[in-house]
Every structure is written in C-alpha cells, then in structure tokens.
Amino acid sequence: MALITISRMLSERTNATNLSIVSFVLLYFAWRVWMFTARPLLRLKEPKQVPYMIPFLGHALIFFRDSNKACRDARTSMGGTQEPLGMVIAGEQFYIINSPEDVTAFYNNKKSLSFDEYVQDVLISMGCSADGVEKMNKIQPHLKKNLTHAGEDFYRSQFLPGPRFNEFWPKVYTRIEAPLTQEKLLGSGITQHSLWHLCRAALLGPTLASIFGDAVLETDPSIIDTMVLFDDLSWKINYKIPLPFSRDTHAAKNKMIDFFQKYADLPVEKKSDASWFARSLQEEMEHAGLSEHDIAVFNVSVSWTALSNAFKACFWLMAFLVHDTVLFNVIQDEARSAQLEDLHASEAKLEASYPHLISLYNETLRYNGSSVSIRTVVSPTQLGQFTIPAGSRIILPTRQLHINESAFRNSHHFQADRFMDPKLAKSPGFRPFGGGVSYCPGRYLARRELVAFVVVLLSRYDIGLANPTQSTFPRLDEVKPSVGMLTPVLGDDVILLITPRS
Ligand code: HEM
C-alpha cells in the first residue's frame, strides 16, 4: 500500500516536473518567436535585432569577454550587413553602427542623441555624489551654461591650437624631454630599456605635471602606477560591472580620489605652475559648491582621459618602427633632417615636416585603437532608412569602422604609409578621436607629444632592438574590453638598445 502511495506521489511529481519543463519550453519558444519574428514585423522601421539565447542577459557574456568579436560576430550572423543592428546587453537595448554614413549622422546629431547621460553615468560610477552631479548640471549664470559644458569649453580652450595651447605646449615639451636626456637615460650605464616603461616615463608624469603642476607628482610618487592600474581595470566602470566583481577597480579609483584630495590640500602657491585649465576648473567647481571629494573625483576623470591613450599609442608606434628596418630608416632620416623648432610650429608645419611619422601615427591609431562612442537616444532618431527608438543607446565601436574594407582597402594589413594621402585622415571612416560633442580635445596635444618623443629619441640616440633575433612583436590584447588604445598582452614588451648617436 505504502509502495503504491509513494509510486503515485512520484508519478504526480514527475508529471508536475514534466509540465513545468513543457511550460518553460513553450514560454521560451513563444518569447523567441515574439522577439525575433513577430515583434520585428511590427517594427519594420527599427534596425534588426541580433538574436540571443538568454532573456535580459542578451549578448552580455560575449560582449564583456570580447566586445570587438561580439560586434564582428553579430554582423556576420546577420549576413555581413552594414546596417545598424540591435543588441541587448544586460537588459539595455543598444544599437551598434558601422557604416561611415551612419557614423557621420551619429556625430552630427546633437538634438536627439545625448552624450550628457553617459558623462553623468561615468561620474556617478567614479564616486561623484548625487549632489555633485546636480551642481555640475546647474546653469552657472556667469558662464551661461552648466559646469559640465563649461568644462568642455575649458578643455578646448587649453588643448586645441590657439594662444593657450601655444603657451602650454613648450612646458609639456620640456617635461617630455627631461627623462630622455643622456644623463637620465644612459647616465647609470644602462643601455637596454623597456619600451613600455620608457613611453610611460616620458608621457604620463610629464602630462600630469603640465596640467596640475609639478607638485602633483610630489604628493605621491606611486600615483602613476595607480593610474596605470586603474586605467587597466577601468573597463569595469564603463560597463557597470557589479561591485563584487569590480572591487579591484574601485580600490584603485579610491586611491586616486584620496590622492587628489591630498593634492587639493597643498598650499595654492605650490600649485601656481598648474595649467590655466586646471586652475579655472578648480575655481569654477569651488564656486559651484562642489565638495572636496567630488572635485577630486572630477580631477581623477580629467587625469584618466588625458593620460590613458597617448602612451599606449606611443608604445605601438615605436614597436612598429623598431621591427621594420626600412620604415625605421625613413622615419629616422625624417627626424634627423627636420628642424627641431618645427616641433613647436603650427599644425600645418608639423605635418609638412614629419609626413611619414604622422602617417605612421595615424595608421597606429587605426590599427591598434578601439575607441567607443556612446549616445543616449532622447527622441526617435533617423539613421539612414531606420528609426532608433527613444530610451535606447547607440554604440559606435571604431575598431569595426577602422577595419571596414569600404573605408580602408586591405584593412587587416598594417601599412605605415597609408595616411601619406592626408585626405584619408579626414575621411568619415577614420574616427580615432570620436567626433561631434565628444570630439577629443586632446587630439593635437597627443599627436605633438608622440612626434616630440620619437624625434627627440631618434635624433639624439641610435636605437635598435636589444635582441633582434629573438624579439617577437608584442601581441595586441583584443580580449580585454577597451574604450581607447589597446594594450599589449600582459608581459609583452619590446626591449630597446639605446646608445649615444654615433
Ligand atoms: C592618442 C591619444 C588619444 C586618443 C586615441 C583619444 C581618444 C578619444 C576619443 C575616441 C574620445 C571620444 C570618446 C567618446 O566619443 O565618448 C575622446 C574624448 C576625450 N578626450 Fe581623448 N584621446 C587621446 C588623447 C587625449 C588627451 C592627451 C587628452 C587631454 C587633454 C584627451 C582628452 C579627452 C577628453 C576630455 C574627452 C571627452 C570630451 C568630452 O567630454 O566632450 N584625450 N578621446
């Protein structure tokens, strides 16, 4: 009797389990049909959705593992189309764009596509308080705009060619050149140098000190290591990875906030050599009533944007150079024959004096960059024949754009002289510095820094690989999510042999 009861109960439970499985399968099937067959028919004007298996999560796992591959695979799975495509990432609806025409429309649209939400999101993830964000967004009557937009004006005024840049640049140059003197570089008898560390030494501290004044480096000499670490982990902030999985990023970020709070406590006279930009921004943030903590958060984001890309671009550019003898000789001749004062002349003169080096620089940005621009869609937006619904976000992964064959022939091939035709650098498919409202204000500074670094190094020294027969080209880390220049795979480096010029 007991056996019969147990067997009946088991059978009922099995039936219930079977029913649950069947219901689940039916529900899942209905969801798939609705999402990827019926719904698109009702929304013919919207871009196609790339199908995914798990509701809410969408393409998140593959995207966080390798965002470039995720975008590439999405496009391949949809027949290699150039149209915008919908992707769901952790519950958020994104549209990925790829064609140069859509890119131009995306950057030109200042009405229905907003960059402000993204900036706010980043500030909050960086630790800015709600009160701080509110104050940043409040219109300042004497500026006739809010502090975020005024800050963008300050950037442009300081870093785009013009009187303030002309006054700023020689100070940057002096600091870049300082670690490259014979005394500093070869004084201790060491002739073998890690390229990665050389680029860091010549570009990070010098740029930071030029912006915030020399005292910034005295506050804590380990700050550059912390910044590099934070930069390495910062993708977790951009992709809003939950705290339990991003403690390392937040620890590095908090260390930087503490650092900038200590910097704030330094007497004003110690910071008198800070740039016009840093002093004006500090004044305006204090005037708007931001707390010391929020001001420090803002300064962390300033240093992050200003430092994180140029030294990596420099590393790759030099790596290409020392691994190609023909290219090396061309660039060395150029560096040694041009007048050194051309480094400080107009942009046009710089381009005319170092055409091969600037072509190599642009190709490096194209080949090893992975910048991303994001906009929030505030009202339905027309992109070509498609309407992008309000509330979603549009992502432009420039790496995909830069390997688009319609914009760059043989795009998978590194070709140092590709940009000898200067028109190519102005083409809509080349966007290493973004565009529109978020167009990088540091683009001229970055270019000048790299040209200065290479010219000073090649004109003063004989450079080569320390171990030409064994040196392998550093591998590009394409897997770690990136929003700027890619880094080499951890541990990959180039060891240079540097000797006084014979
Ligand atoms: C090779 C070096 C650099 C690369 C590849 C680069 C790339 C970019 C890109 C792609 C954007 C646009 C991001 C978007 O659309 O959301 C951007 C924005 C920005 N960059 Fe750069 N950048 C470089 C150097 C610099 C430097 C040296 C500075 C410092 C002055 C700087 C300051 C900024 C700022 C402040 C923004 C945000 C603009 C805004 O909020 O409106 N960048 N950069």
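## Helix H14

In this predicted model, the buried residues of helix H14 are Thr-249, Lys-253, Met-256, Ile-257, Phe-259, Phe-260 and Tyr-263. Around the axis they cover an arc of only 160 degrees, which places them on the same side of H14. Arg-247 and Asp-265, on the other side of H14, are exposed.

The cover over the buried residues of H14 includes helices H10 (195–212), H11 (215–219), H12 (223–233) and H13 (235–238), together with H16. Helix H14 itself runs over residues 247–265, and its 19 residues should span 27 Å at 1.5 Å a residue; the end C-alpha atoms are 27 Å apart, so the two values agree.

## The overall fold

The protein contains 22 helices and 13 strands. Its radius of gyration is 26 Å, close to the 23 Å given by the globule rule for 502 residues, so the protein is as compact as a globular protein of that length. The C-alpha trace spans about 100 × 55 × 55 Å along its principal axes.

Of the 502 residues, 36% count as buried. Among contacts between residues at least 6 apart in sequence, 73% join residues at least 24 apart.

## The shell around the ligand

Which of the 24 residues around the ligand come nearest? They are Ser-371, Ser-373, Gly-434, Cys-440 and Gly-442. The elements that give two or more residues to this shell are helices H7 (147–159), H16 (292–307), H17 (310–322) and H22 (443–460). Helix H7 gives the most, with three residues.

By class, the shell has 14 nonpolar, nine polar and one charged residues.

Note on methods: Residues numbered from 1 in each chain as written. Predicted model: local features only at pLDDT ≥ 70, side-chain atom pairs only at ≥ 80, totals over all residues. Near = placed C-beta within 6 Å. Helix = DSSP H or I, 4+ residues; strand = E, 2+ residues; numbered from the N terminus. Nonpolar A, V, L, I, M, F, W, Y, C, P; charged D, E, K, R; others polar. Rg over C-alpha atoms; globule rule 2.2 N^0.38 Å. Buried ≥ 20, exposed ≤ 12 C-beta atoms within 10 Å, placed from the backbone. Contact = placed C-beta atoms within 7 Å. Expected span 1.5 Å × (residues − 1). Arc of directions from axis to C-beta.
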